[in-house]
Each structure stands twice: as structure tokens, then as C-alpha cells.
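Reader: Please take me through the ligand shell and the annotated sites of the model shown here.

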Amino acid sequence: LQKYLIAPSILSADFARLGEDVDRVLASGADVVHFDVMDNHYVPNLTFGPMICKALRDYGVTAPIDVHLMVKPVDRLIPDFAEAGASIISFHPEASEHIDRTLQLIKDSGCQAGLVFNPATSLSYLEHVLDKVDVVLLMSVNPGFGGQSFIPHTLEKLRQARKIIDDSGRNIRLEVDGGVGVNNIAEIAEAGADMFVAGSAIFNQPDYKAVIDAMRSELAK
Ligand code: DX5
Ligand code: ZN
């Protein structure tokens, strides 16, 4: 199992050349494609859905696709994303009426399941469902937009989440999303994260490989 995963958020990619841009970021050393689904209801922005996910698969993308659902309601989209080639499907617990059922739907569809925590959402949502969770995703910004600043208090929450995961003895990824860059990835890893979403930090630079290499060398410190 790879210790650290880097997951570029294609929210900051070039939508007019999405396939090429995703190929380029994967060829630059990214591990996972982070796919931000926004519905202009749960969050005040609108992005893309299962058709675009399927288009990436049809284009030839074989890397894991990490679908981050910022939608309400959640359940109806799960079979669509599973069929479209999603690998991980994560959702915000407060956007689901029945968290256990939604997690089970994801597992039954053959995908890995993740729960996403906004900066102000309590980790207590994990308590009764940890056995169904493959990924804990902590938001380090409020969801809806790329390019926001990392909220420092997330580091303490990462430490709490790391302890919950370690105490469970289960193989659960701890993913962090929002404001992650070369400048702070080392302290975020030190707080317990092992999967790093980065949108603007990668796609707003001309040389993706230079950014990803710099992140990996920070992680090796
Ligand atoms: C925000 C999204 C993030 C976002 C991260 O709602 O979930 O994945 O794209 O973008 P950066 O890395 O620019 O903060
Ligand atoms: Zn995201």
C-alpha cells in the first residue's frame, strides 16, 4: 500500500481540454483524480456529473477516480457514478437523510466509501459507521470553490481523526481537501493525513511535475 497519495482536483483543470489535462497531471506523477461534483444546492457552485466521469474513462483514464459529492440529495447519483467508473465515492453526512444506508449503497455498487467533514462538522458522525468507511475526508476550506486558504484549525481535527482511525485498527485513508500546497503539505502529513487533494496549487502552475515532485520531497522530509 502506497503511503501517500496525491489527488489533483480537476476543478482547477482546463475543462475545454479535460482529457488531455488529466493525462498530463497523471503523467506528472499524480496518483488519483479528485472529481468535485457541485449541484448549486448543497454548495453555491455547479460543476459536472457522471457523464463527464464516464467520458474520462472512455478517453482512457485508468487511474482511480475519487468522486467528492457536494450534492443533496446524495443517493440517486451513486449508481450513476459507479457505472460511470468511479473508484471512491464520498459524501457529506449532513446531505444524506440516512448515512448508513448511503454508505451501504456505495459499498453495494462496488466502490469505496468516504465521509466528508466540513470545517465545522463533528467527527462524531463516524462513531457508528466506521466499519463501512474506507476514506475519511476532512475539508480544510468550506466547500464550493477552489483557491481558498487552508483553515489552520483543520490540523487539530486531522490529529483527532488520525487517532480515531488508528484506534479502529481499520485500513482507512485520511484525506484532506482545500488549500493544500507545497508550503503546508509537510505539516498536514505530520498531523496524520495520507491523501492530499490539491487543485489550484497544481493546475495554476505551468509545470505540474515540478509541483508534484516538490510535494513528494516535502513528504519525504
Ligand atoms: C472545494 C473542493 C476542492 C477544491 C480544492 O469545494 O472540494 O477539491 O477543488 O481546491 P484548492 O486545492 O485550490 O483549494
Ligand atoms: Zn473536493
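Author: Of the 21 residues around ligand 1, Ser9, Pro143, Gly146, Gly199 and Ser200 come nearest; a residue is near a molecule if its C-beta atom, placed from the backbone, lies within 6 Å of it. This is a predicted model, in which local features need pLDDT of at least 70 and side-chain atom pairs count only at pLDDT 80 or more, while totals for chains, interfaces and linings use all residues. Residues are numbered from 1 along each chain as its sequence is written, and chains are lettered from A and ligands numbered from 1 in the order in which they are written.

Reader: Which elements give two or more residues to the shell around ligand 1?

Author: Helices (H or I, at least four residues) and strands (E, at least two) are DSSP runs, numbered from the N terminus. By that rule, the elements giving two or more residues to the shell are strand E2 (33-38), strand E8 (195-198) and helix H7 (200-203).

Reader: How many residues of the shell around ligand 1 are nonpolar, polar and charged?

Author: Ala, Val, Leu, Ile, Met, Phe, Trp, Tyr, Cys and Pro count as nonpolar, Asp, Glu, Lys and Arg as charged, and the others, Gly among them, as polar. The shell then divides into 7 nonpolar, 12 polar and 2 charged.

Reader: What is the largest C-alpha distance among the "binding site" residues His34, Asp36, His68 and Asp177?

Author: The UniProt annotation, from an unreviewed entry, covers His34, Asp36, His68 and Asp177; such positions are given in the numbering used here, feature names are shortened, and annotations may be inferred rather than shown by experiment. These residues are spread over 144 residues of sequence but cluster in space, the largest C-alpha distance being 10.5 Å.

Reader: Is His68 buried or exposed?

Author: His68 is in strand E3 (residues 65-70). A residue is buried if 20 or more other C-beta atoms lie within 10 Å of its own, exposed if 12 or fewer, and partly exposed in between. Because His68 has 28 other C-beta atoms within 10 Å, His68 is buried.

Reader: Which residues does Asp177 touch, not counting those up to four places away in sequence?

Author: Asp177 lies in strand E7 (residues 173-177) and is buried, with 27 other C-beta atoms within 10 Å. Two residues are in contact if their C-beta atoms, placed from the backbone, lie within 7 Å. On that basis Asp177 touches His68, Leu137, Met139, Ser140 and Val197.
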